[in-house]
Amino acid sequence: AAPGPRSYTALRDEAVKLFNSLQQLESERDPVPLMQGVLQTCLDLPPLVDEIYCQLVKQTTEPPAPGGQGDLHYWQLLTCMSCTFLPSPPVLRFLRFHLDRRSRFPASEMAKYACFIREALGKTKGRECVPSLEEILVLMRRQELICTVHCPGAPACRVAISSHTTAEEVARELVSRLGLSQSPNLFALYEQSRRREQPVGGTTLLADVLTRFE
């Protein structure tokens with residue numbers, strides 16, 4: 001299930017807990033829940049976002065085993081962070097310098113993550129929810145998330161989205177696919193659960209909607 005309300009101690013103590021989580025990440029066989037926990041703490045405690053970015057830059061600078069499991073997990077968490085939070089301007093400049101330095105070796109897997117992260121940072125505006133477990137899995141592979149949209153009077157449509165795709169963008173794509181571009185009607189996406197059905201705002205990120213369903 002998606003993370004629920006959590007209780008926190010002093011900010012300094014939470015920073016120490018996050019550092020310990022990062023250390024644990026190196027050897028974690030299934031890092032996804034741990035990554036989601038770090039992201040949730042950063043969402044709940046925004047002052048820690050810069051701290052985690054700085055820690056991840058440190059961990060991915062001259063790691064003891066370049067390209068190893070620990071190094072890979074740090075880059076994957078950095079990827080998830082870049083699709084969820086923007087750091088402060090000074091940390092963002094520091095981060096971009098770090099990514100540019102890594103990009104000098106384009107054949108490496110880490111360089112591919114660096115390019116993906118740099119592109120994501122240009123699109124990220126902040127999230128209402130942390131990425132779902134499924135979204136984290138696809139971000140770890142630098143892939144897109146596939147969601148299914150049910151259209152009245154037409155077959156369900158599978159749509160590839162990123163962490164930055166809005167409901168309005170998906171609605172426009174579906175209108176084009178269904179040949180309704182010339183229709184005078186207005187189209188929107190709706191979010192339906194057992195208790196209610198409601199329109200999804202045009203600027204809402206579809207990834208946030210999917211996280212709520214998780």
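**View 1. The largest nonpolar core of this predicted model has 39 residues.** A nonpolar core is a set of buried Ala, Val, Leu, Ile, Met, Phe, Trp, Tyr and Cys residues joined through side-chain atoms within 4.5 Å; buried means under 20% relative accessible area with a 1.4 Å probe, protein chains only. L39, I52, Y53, L56, W75, L77 and M81 have the most contacts inside this core. Two or more residues each come from helix 1 (11-25), helix 2, helix 3 (48-59), helix 4, helix 5 (89-102), helix 6 and helix 7. Apart from this core lies another, of 15 residues, including V149, V170, L206 and V209. Helices (H or I, at least four residues) and strands (E, at least two) are DSSP runs, numbered from the N terminus.

**View 2. Surroundings of M81.** Leaving aside neighbours within four places in sequence, M81 is in contact (heavy atoms within 4.5 Å) with L39, C42, V49, I52, Y53 and L56.

**View 3. Helix 7 (residues 133-140) and its cover.** The buried residues of helix 7 are E135, I136, V138, L139 and M140. Among the elements covering them are helix 2 (32-44), helix 4 (69-82), helix 6 (109-121), strand 1 (145-149) and helix 9 (206-213). R142, which follows helix 7, has a positive phi, near 55°.

**View 4. T166 in the loop between strand 2 (157-161) and helix 8 (167-177).** T166 is buried, at a relative accessible area of 15%. Beyond neighbours within four places in sequence, T166 is in contact with G202, T203, T204, L205 and L206.

**Notes.** Residues are numbered from 1 along each chain as its sequence is written, and side-chain values use heavy atoms, without hydrogens and water. In this predicted model, local features need pLDDT of at least 70 and side-chain atom pairs count only at pLDDT 80 or more, while totals for chains, interfaces and linings use all residues.

Definitions and conventions
Buried < 20%, exposed > 50% of the residue type's maximum accessible area, 1.4 Å probe, protein only.
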